[in-house]
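Please look over the sequence and the structure below before reading on. The report that follows takes up a few local features in turn.

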Amino acid sequence: MDYQGFFEDALADLRSEGNYRVFTELERPVGEAPRAHQHVGGATRPVTVWCSNDYLGMGKSALVREAIARTVMEDGAGAGGTRNISGTAHLHVELERTLAELHGKEAALLFTSGYVSNWASLSTLGAKLPDCTILSDAKNHASMIEGIRHSKARKVIWGHNDAEDLDRKLSALPKEGAKIVAFESVYSMDGDISPIAEILDVAEAHGAMTYLDEVHAVGLYGPRGGGIAEREGLAHRVTVIEGTLAKAFGVMGGYVAASAALCDFIRSFASGFIFTTALPPALAAGANASIRHLMGSDMERMRQRRNVAKLRALLDQHRIPHLANPSHIVPVVVGDPFKAKYLSDTLLEQYGIYVQPINYPTVAKGTERLRITPSPLHSDADIAHLAGALSALWSQCALSRAVA
């Protein structure tokens with residue numbers, strides 16, 4: 001077999017479809033956020049970042065950086081091993097206590113990323129619970145899909161955010177056997193929010209566990225940043241809440257929060273936890289500082305919401321179509337992979353605006369978009385510059401504008 005030719009042909013197909021991904025090489029000096037330096041051909045140029053998942057800028061926060069730097073100097077750079085073999089630090093235990101407190105659960109369990117926490121937890125629960133069926137929302141993240149697939153449990157897909165379809169699917173299953181309803185609170189590509197109360201009502205009526213991915217909500221919603229479930233007073237009804245430390249909290253890592261027995265079960269059986277090196281203690285210290293701060297401060301959330309509203313208003317003024325949703329994510333749908341990439345490239349090269357195109361397979365073909373995430377660090381001038389640039393390019397590309 002011509003292995004090299006196979007790889008090259010597959011990449012050529014991606015390019016011909018407009019779905020080949022190009023990384024933008026950046027330096028992001030702390031004092032200049034949301035501005036960064038793009039490296040191009042041995043030189044650098046300034047750009048403003050509009051697609052970061054560091055939603056509140058906590059990765060640049062002095063208190064987070066100081067906690068990390070202090071811990072590195074005192075404790076070293078790495079964890080020293082898996083949690084089972086010399087890798088459990090006091091800072092890991094402290095962070096897990098904070099996460100359990102944040103979500104009102106008995107316990108929490110740390111992972112190296114949100115992807116791993118979903119993959120490891122769902123695969124373990126699905127594989128170990130007797131005669132298990134996992135009912136997955138049609139738009140769940142790839143990490144959840146992979147975890148479910150790896151579990152080899154029976155999988156049933158229900159209509160996106162459709163509690164009535166979930167009820168039908170659960171009603172069609174045998175009463176015997178375990179059932180897990182897996183869904184998200186904020187969906188990252190469309191920015192829509194699930195009807196958590198309705199989903200919980202259906203799941204509870206059928207005796208099903210619930211597994212809620214809050215990665216795009218923790219830190220951002222609820223009086224203490226506990227997510228949509230906290231905001232709506234529903235966290236106590238959710239069996240497992242999964243989250244990340246890498247988005248609104250600005251660091252790295254993932255976790256699940258649940259009962260002490262369930263967390264201990266995953267700790268004891270999940271290969272994705274048992275056989276991987278633990279999160280560096282310095283990152284745990286930084287995450288703990290970030291979470292503790294956001295549990296008591298609403299300032300960052302309020303500034304972000306103000307900027308989201310300002311951007312949406314300006315996009316409406318310029319009649320730039322964007323998906324209406326109640327979240328912090330502003331998807332500007334282009335509907336063509338080549339035009340989405342052209343818009344992204346031109347924004348970067350001519351306007352100093354960095355916003356990555358989102359193409360298939362992350363989103364369905366025909367729904368290609370620019371996914372914009374305003375932060376508290378963007379200024380009114382930044383927002384006006386972005387909206388004006390999009391309007392100019394919309395005319396240049398002869399794209400349809402929203403109906404006034």
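Is D13 buried, partly exposed or exposed? With a relative accessible area of 45%, D13 is partly exposed, where buried means under 20%, exposed over 50% and partly exposed in between, with a 1.4 Å probe and protein chains only. This is a predicted model, in which local features need pLDDT of at least 70, side-chain atom pairs count only at pLDDT 80 or more, and totals for chains, interfaces and linings use all residues. Residues are numbered from 1 along each chain as its sequence is written, and side-chain values use heavy atoms, with hydrogens and water left out.

D13 lies in helix α1, residues 3–17, a helix being a DSSP run (H or I) of at least four residues, and a strand one (E) of at least two. D13 also belongs, with D2, E8, D9 and E17, to a negative surface patch. Y3 is likewise found in helix α1 and, at 55% relative accessibility, counts as exposed.

| Residue | Relative accessibility | Class |
|---|---|---|
| D13 | 45% | partly exposed |
| Y3 | 55% | exposed |

Together with M1, F6 and F7, Y3 forms a nonpolar surface patch of about 520 Å² of accessible area.

**A sheet of three strands**

An open sheet has the order β11-β14-β13 with antiparallel pairing. Because β11 (330–333) and β13 (357–358) each have a single partner strand, they stand at the edges, and one side of each is left without a neighbour in the sheet. β11 pairs with β14 (residues 369–372) over four bridges, pairing requiring at least two bridges found by DSSP, and V332 stands opposite L370 in β14.

How values were computed. Patches are made of residues with over 30% relative accessible area and no salt bridge: like charges are joined within 9 Å, nonpolar side chains (Val, Leu, Ile, Met, Phe, Trp, Tyr) within 5 Å. Accessible areas come from the Shrake-Rupley method with a 1.4 Å probe; for residues, only the protein chains shown count as cover. A salt bridge is a side-chain nitrogen of Lys or Arg within 4 Å of a carboxyl oxygen of Asp or Glu. Lys and Arg count as positive and Asp and Glu as negative; His and the chain ends are not counted. The place of a charge is taken as NZ of Lys, CZ of Arg, CG of Asp or CD of Glu.
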